[in-house]
Amino acid sequence: MGRSMFRLLFRKMRHHLPQLTGMGLLVMVGTAFFVTLYTIYLSYDDHANRLFRNQHYADVTFYGSFDDNDVAAVTAHENIRLARGRFVRDFREGDVTLRAISLTDGVNTLYLYEGMIPAASDECAVISRHAQARGIELGDTILVDGRELRVTAIIASPEYVYLSQNERALMAEPDRFGVVYVAEGFFKSAYTEIVALGDISKEAADEIGEVIGAARTVVQDNQLNKVLFTSDLKQIRTCAYIFPLIFVLLIIMIVYVMTKRTITLERRQIGVCKAIGVAGGSLLFLYMAQTSFIAFLGAILGCVAAALLCDTIIGLFSTMFEVPGLAYVFYPALCGCVILAFMALGALSVLVSVRSMLKPMPAEMMRPRMPSSGRKVLLERAAFIWRRLSFNTRYALKSALRNKGRFMAVLLGICGSCALLTFALGIFNSAEYTQKAYFDDFANYDVLIEISPMPLEISHPVREHLGEINRALALPVNIRGDDYRLFVVEDGFDMQRIDTRLIEDGVVIPEYFAQKWDVEAGDTLMIDDTAVKVAGVFEQGFGLSLYTGYEYAKEVIPDFPPVYNVIFARGADPGELHALSLEQGFDFSTLDDDKTSLASVMESLNTLIWFMLACAVILGLTVLYSVGQMNLSAREYEYMFMGVMGYSLKSIISAYIKEMVMQLFLALPAGFELGYGILRAVKTAFSGDSFVLSIAIYSESYVYAAIIVIMMSALNAVISCSYISRLDIAEGLKVINE
Amino acid sequence: MNLYTLKALSKNYGEGESLVRALRDVHLEIPPGKFVVVLGASGSGKSTLLNMLGCMDRPTSGQILFEGADITAYSKRRMTQFRKTTIGFVFQSYNLLPDLNAVENVEISTEMAGLTRADAEHALALVGLSDRAKHFPGQLSGGEQQRVSIARAIAKRPKVLLCDEPTGALDFETGIMILEVLKQIHREQGTSILFVTHSLEIAMIADMVIRMRSGEIINVTENPEPLAPSEVEW
């Protein structure tokens with residue numbers, strides 16, 4: 001490849017600057033989006049796993065009431081390296097719930113941001129997000145269980161990457177929930193948990209749990225904290241793939257249309273090059289290198305943008321999770337692969353469109369092309385409609401449909417942009433809808449009180465302070481290797497909208513579980529070792545649990561205890577309950593707490609949604625502008641000639657706008673449909689055992705998406721119309737003659 | 001050995017009702033080192049013949065032997081190689097690459113043939129355009145562009161120069177100048193030149209004139225005393 005070809009390469013690029021810039025911008029945004037999210041994914045995965053490893057995140061946790069003998073029994077197991085007993089208890093101080101956890105040596109150790117690990121029983125270490133939210137500093141004193149504790153350390157914990165209070169408060173508000181680690185001397189009761197390290201399977205852990213009489217055994221992968229971590233990783237990775245995929249499709253389309261047009265325009269030049277002995281490969285290089293070079297530049301800029309964006313996005317994500325040291329990390333292999341992939345994409349898109357150029361002999365390339373035979377457009381065949389249209393409208397329709405490549409590129413651009421806008425707004429709507437569906441329609445209680453198991457015939461003292469109540473037994477169950485919660489509820493249970501008639505005949509399960517386990521009403525499901533009938537399936541988006549009645553539970557579960565450990569209540573005063581909880585020793589959470597917690601999860605999605613909306617707008621503007629420029633350069637002679645024929649500027653612009661309206665008319669519904677389709681496709685990535693995204697796109701979101709796309713098209717039309725109005729008839733005709 | 005030997009050469013375009021027989025059973029022998037004019041009216045097949053001789057197109061049937069080698073049997077790659085090393089083209093509409101300046105337009109050809117930029121500059125000097133080397137085609141007159149086109153064709157020192165009506169788009173004075181340049185190259189470098197034209201007057205400067213009509217060769221005549229370009233008028 002001589003330097004003449006390189007010279008030609010760069011000089012030719014000047015002619016396609018708007019299109020190449022558009023393509024470069026798409027590559028840049030696509031790269032920035034992908035590299036940002038994928039870097040966060042890799043960095044988060046890397047940092048979090050390092051935290052889990054370095055701070056010895058427990059491989060298994062046993063819940064119940066234990067003593068040192070139990071700890072010794074766990075330690076004695078061949079697969080357990082280390083086991084420690086600890087105390088965990090929630091205390092309410094005003095509107096703040098503090099979870100006090102006794103320190104364990106060698107398991108779930110603390111990551112120190114500052115200070116020293118508490119040594120005395122009047123000292124504590126506070127988790128950093130709570131400390132920040134409440135303005136707690138080293139040396140401050142905080143109240144836990146009525147006792148004053150001096151803060152000796154601000155820490156992060158491998159088990160609280162997510163500040164999860166429980167299954168309903170997945171991400172608690174840091175100013176209303178905090179975790180404090182205290183020295184063992186703080187508690188004067190039996191251990192409530194045993195945390196252990198070891199290479200142990202779920203089955204083996206369950207066996208140990210049985211031996212020590214654990215109420216619940218949870219391996220690391222099933223810990224709420226770890227489940228949220230895994231699910232977030234999946235979501236970030238899924239998002240990283242979706243947008244660039246649409247960008248890639250549009251890049252292919254733009255490059256294809258641009259190159260096809262270039263080849264048509266430069267047909268004679270290509271023939272000359274062939275005539276003087278330039279080989280097909282060199283000509284191919286000439287066109288492939290243009291797009292590859294732009295893809296290279298775009299991808300490099302995208303990587304730079306990602307480097308600038310990453311820390312900001314990580315900062316925004318920090319409302320969801322806390323991993324010490326999580327920051328932008330340059331992954332050369334990732335950037336290299338993305339750059340190469342986009343370069344290859346640019347080159348391959350060109351290859352597809354220029355294959356036709358390689359075959360003909362030079363003489364054929366140098367002959368003028370046969371004019372394409374004008375064919376009737378589809379609407380033209382409907383003569384009764386076609387006849388009624390004005391000449392201007394007929395011209396607009398025929399013009400739009402004349403070049404299928406350009407037409408499809410515009411449609412795809414509008415459609416893609418509209419789809420991404422619909423998708424981004426749809427995620428927002430779906431999250432809101434899921435929240436609304438649970439709190440307004442499904443949950444019908446004010447507080448949920450967790451007590452020690454109590455026989456059904458005995459009323460808990462707190463009952464006197466509550467309005468309407470329903471009692472239930474919350475049982476940890478194992479289904480196909482994973483832990484779930486089964487509520488055995490009283491007859492007439494109406495605190496959650498499930499069909500109480502069905503629970504007499506079996507277990508009712510959320511739709512998400514039914515799909516996950518591939519069961520439906522009437523099927524049999526193994527819960528622990530018991531075969532139960534699936535009596536019904538219902539929609540639940542949050543706090544997913546299984547439900548059955550006491551009668552059925554007695555029927556199928558051997559030695560089923562007729563006790564309750566949960567009270568759902570309406571008409572309770574949280575302030576009064578707080579005082580009672582301290583006095584009577586129970587835990588409670590209000591629906592409002594859960595609502596606030598979920599709202600903060602939804603808020604964290606906003607960051608991603610704004611990022612996606614911005615990308616959708618860039619995508620739309622870029623495609624519309626670059627294809628619009630191609631259209632203009634292909635048709636400027638035509639517009640000038642219309643001017644020569646006496647057409648007014650108004651008529652020309654009117655035809656142009658009619659064409660644009662038709663494109664919008666066709667592409668917007670397709671965009672809505674595609675956006676909805678993408679949302680459905682990624683639903684699983686945004687759903688898990690604790691939270692299921694219900695798909696919903698509100699009509700106003702469609703309207704917003706349409707308005708944004710129409711505004712982008714209008715902006716492009718203004719630019720185009722201004723260009724058309726500046727066309728010089730005489731100059732234009734001269735150019736064509738040359 | 002003949003430069004070219006054409007045996008039963010035919011070229012058709014299109015098919016069915018739109019079939020055009022551009023060349024019909026052409027037999028011809030062209031000796032080396034000659035200034036040959038192919039004369040004929042529009043549509044007589046002279047440009048098609050030139051395309052076949054330059055490996056710019058494949059015949060429908062027949063053979064073209066170049067110095068005894070059958071170039072119609074060449075692969076595409078070999079044809080490209082043949083054009084690159086052996087043939088120089090001059091077209092009626094110059095066909096310079098608008099993105100390259102005069103010397104770069106010549107250089108693209110010398111590069112192909114493994115020659116240097118100095119060769120390109122030398123070729124440009126031969127056609128008297130050294131001072132316009134940095135000008136782009138859009139900044140050159142028609143005659144200047146055609147001279148750059150000639151420089152591009154001769155810079156790689158081809159055995160044959162194929163000229164397709166190179167004076168067709170030029171005014172008389174410029175046309176004469178182009179003819180003089182070509183004659184000079186023929187004379188000084190010994191390059192065989194095949195010159196397509198419809199002008200009887202231009203045919204008078206040739207050593208050999210091939211007359212064509214409707215895709216057939218009517219006759220081939222030798223011109224024992226060709227005129228100098230300055231003696232021609234049209």
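The conversation below sets the terms against the values.

Visitor: What kind of model is this, and how is chain A made up?
Guide: This is a predicted model. The secondary structure of chain A consists of 21 helices and 20 strands. Its C-alpha trace spans about 100 × 60 × 45 Å along the principal axes. Of the 738 residues in chain A, 46% are buried.

Visitor: What makes N108(A) count as buried or exposed?
Guide: A residue is buried if 20 or more other C-beta atoms lie within 10 Å of its own. N108(A) has 24 C-beta neighbours inside 10 Å, and therefore counts as buried. N108(A) is placed in the loop between β4 (96–102) and β5 (111–115) of chain A.

Visitor: What is noted about the phi of N108(A)?
Guide: N108(A) has a positive phi of about 50°, although N108(A) is not a glycine. D518(A), also a residue other than glycine, has a positive phi near 55°.

Visitor: What is the largest nonpolar core, and which residues have the most contacts inside it?
Guide: A nonpolar core joins buried residues of nonpolar kinds through C-beta atoms within 7 Å. The largest such core has 296 residues, and I254(A) and L420(A) have the most contacts inside it. Helix α2 (residues 17–54) of chain A gives the most to this core, with 19 residues.

Visitor: Which residues is L420(A) in contact with, leaving aside its neighbours within four places in sequence?
Guide: They are F243(A), I246(A), M612(A), C615(A), A616(A), L619(A) and G675(A). In chain A, among contacts with a separation of 6 or more, 85% are between residues 24 or more positions apart.

Visitor: What makes β2 and β5 of chain B edge strands?
Guide: The open sheet of four strands in chain B has the order β2-β1-β4-β5, with antiparallel pairing. β2 (20–30) and β5 (69–70) each pair on one side only, and are the edge strands.

Visitor: How many residues does each chain bring to the contact between chains A and B?
Guide: Chain A brings 18 residues and chain B brings 19 residues. On the side of chain A, α1 (3–15), α7 (267–275) and α10 (362–366) each supply at least two residues. α1(A) gives the most, with five residues. By class, this side of chain A has nine nonpolar, four polar and five charged residues.

Visitor: Which domains does the assignment give for chain A, and where do domain 1 and domain 2 lie?
Guide: The assignment gives domain 1 (91–188), domain 2 (390–441 + 592–738) and domain 3 (447–571). The C-alpha centres of domain 1 and domain 2 lie 50 Å apart. Eight residues of domain 1 are in contact with eight residues of domain 2.

Methods:
Residues are numbered from 1 along each chain as its sequence is written. Chains are lettered from A and ligands numbered from 1 in the order in which they are written. This is a predicted model: local features need pLDDT of at least 70, side-chain atom pairs count only at pLDDT 80 or more; totals for chains, interfaces and linings use all residues. Two residues are in contact if their C-beta atoms, placed from the backbone, lie within 7 Å. Ala, Val, Leu, Ile, Met, Phe, Trp, Tyr, Cys and Pro count as nonpolar, Asp, Glu, Lys and Arg as charged, and the others, Gly among them, as polar. A residue is buried if 20 or more other C-beta atoms lie within 10 Å of its own, exposed if 12 or fewer, and partly exposed in between; C-beta atoms are placed from the backbone. Two strands pair if DSSP finds at least two bridges between them. Domain bounds come from an automatic or database domain assignment.
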